[in-house]
Amino acid sequence: MDVKVARIGKPHGIRGEVTVQVLTDDPETRFARGARLLTDPEANGPLTVKSARWNKHILLLGFEEVSDRNRAEELRGTMLYVEAEESSDDAWFEHDLVGLEVVIEGEAIGKVSALHTGPAQDLLEVTLNDGSEALLPLVEDIIPDIDLDAATVIATPPPGLLELDRGDQ
C-alpha cells in the first residue's frame, strides 16, 4: 500500500512550482531532488521532484514533468504518495491505524479515523462510539500499545483529555 505524503495546492510563480500541504513527518527525505512520487489521480503522474524549498511555512515543489503555471494548475488537489517501506515497530502509517478499535481500561470507546502528522507529535483522530470525535497524542504515555494483529489501540489518556479534545464542541 502506498503512503500519502502531500496534497498539491495552488501554483506558485510561472515556472511550474506548486504549494503543497505536507502530510509526512520527513519532508526533507520524501521531497529530495530526484524523489519519484505517485499521484492520485494517476493521470497526473508519477512526478519527479526537481526542487523543494520553503517559502515561510509553505513548501514549494518543482517537478521535472511540469514546466509552466498552466500545467501546475492542472495538478491542484492531486494527492502525492510514495511506495510504502517496511516500517519499524515504532513507525506507523495512516493505513496501518485507520479502523483500529481504541480501548481504554478494557472498554472499546471508538475507532481510529485518521492520523495527523505534526512537527512535535502525531495525533490520532478517534471517532467515538457516540459519533463525536476526539484527538489523542500518539505518544507512549497515552498510547502504550498498538496491536495490528488484534486490530486494537490501547489508550491511557489522562482524565479529561477526551472531553477537552472532542471535535463536537
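Reader: Which element of the chain has the lowest mean pLDDT, and which has the highest?

Author: This is a predicted model, in which local features need pLDDT of at least 70 and side-chain atom pairs count only at pLDDT 80 or more, while totals for chains, interfaces and linings use all residues. Residues are numbered from 1 along each chain as its sequence is written, and side-chain values use heavy atoms, with hydrogens and water left out. The pLDDT is the predictor's confidence in each residue, from 0 to 100, and the chain averages 85, with 88% of the residues scoring at least 70. Among the elements, the lowest mean, 76, belongs to helix 4 (residues 161–164), and the highest, 95, to helix 2 (residues 69–74).

Reader: How many helices and strands does the chain have?

Author: Helices (H or I, at least four residues) and strands (E, at least two) are DSSP runs, numbered from the N terminus. Counted in that way, the chain has four helices and 12 strands.

Reader: In what order do the strands of the closed barrel run?

Author: Two strands pair if DSSP finds at least two bridges between them. Strand 1 (residues 2–12) and strand 6 (residues 79–83) run antiparallel and are joined by five bridges, with A6 standing opposite L80 of strand 6. The barrel is closed, has six strands with antiparallel pairing, and runs 1-2-5-4-3-6.

Reader: Which strands stand at the edges of the open sheet?

Author: The open sheet has six strands with mixed pairing, in the order 10-9-8-7-12-11. Two of its strands have a single partner strand each, so one side of each is left without a neighbour in the sheet, and these edge strands are strand 10 (133–137) and strand 11 (145–147).

Reader: Which residue is the bridge partner of E101 in strand 12, and which in strand 8?

Author: Strand 7 (residues 101–104) is joined by three bridges to strand 12 (residues 152–154), and these two run parallel. Strand 7 is also joined by four bridges to strand 8 (residues 107–116), and that pair runs antiparallel. For E101, the partner in strand 12 is T152, and the partner in strand 8 is K111.

Reader: What value does phi take at E105?

Author: In general, most residues other than glycine have a negative phi. E105 belongs to the hairpin of strand 7 and strand 8, which has two residues between the strands, and in this hairpin I104 has E107 of strand 8 as its bridge partner. Phi of E105 is positive although the residue is not a glycine, with a value near 50 degrees.

Reader: Is K56 buried or exposed?

Author: Buried means under 20% relative accessible area, exposed over 50%, and partly exposed in between (1.4 Å probe, protein chains only). K56 lies in the loop between strand 4 and strand 5 (58–63), where this residue, although not a glycine, has a positive phi of about 60 degrees. With a relative accessible area of 76%, K56 is exposed.

Reader: Which two residues does the cis peptide bond join?

Author: Most peptide bonds are trans. The cis bond here has an omega of about 10 degrees, and P41 has its place in the loop between strand 3 (36–40) and strand 4 (47–55). The residues joined by this bond are D40 and P41.

Reader: How far apart in space are L23 and K4, C-alpha to C-alpha?

Author: L23 has its place in the loop between strand 2 (17–22) and helix 1 (27–30), and its relative accessibility of 26% makes it partly exposed. Contact means heavy atoms within 4.5 Å, and, leaving aside neighbours within four places in sequence, L23 is in contact with K4, V5, A6, R7, M79 and T117. Although L23 and K4 are 19 residues apart in sequence, their C-alpha distance is 6.8 Å.
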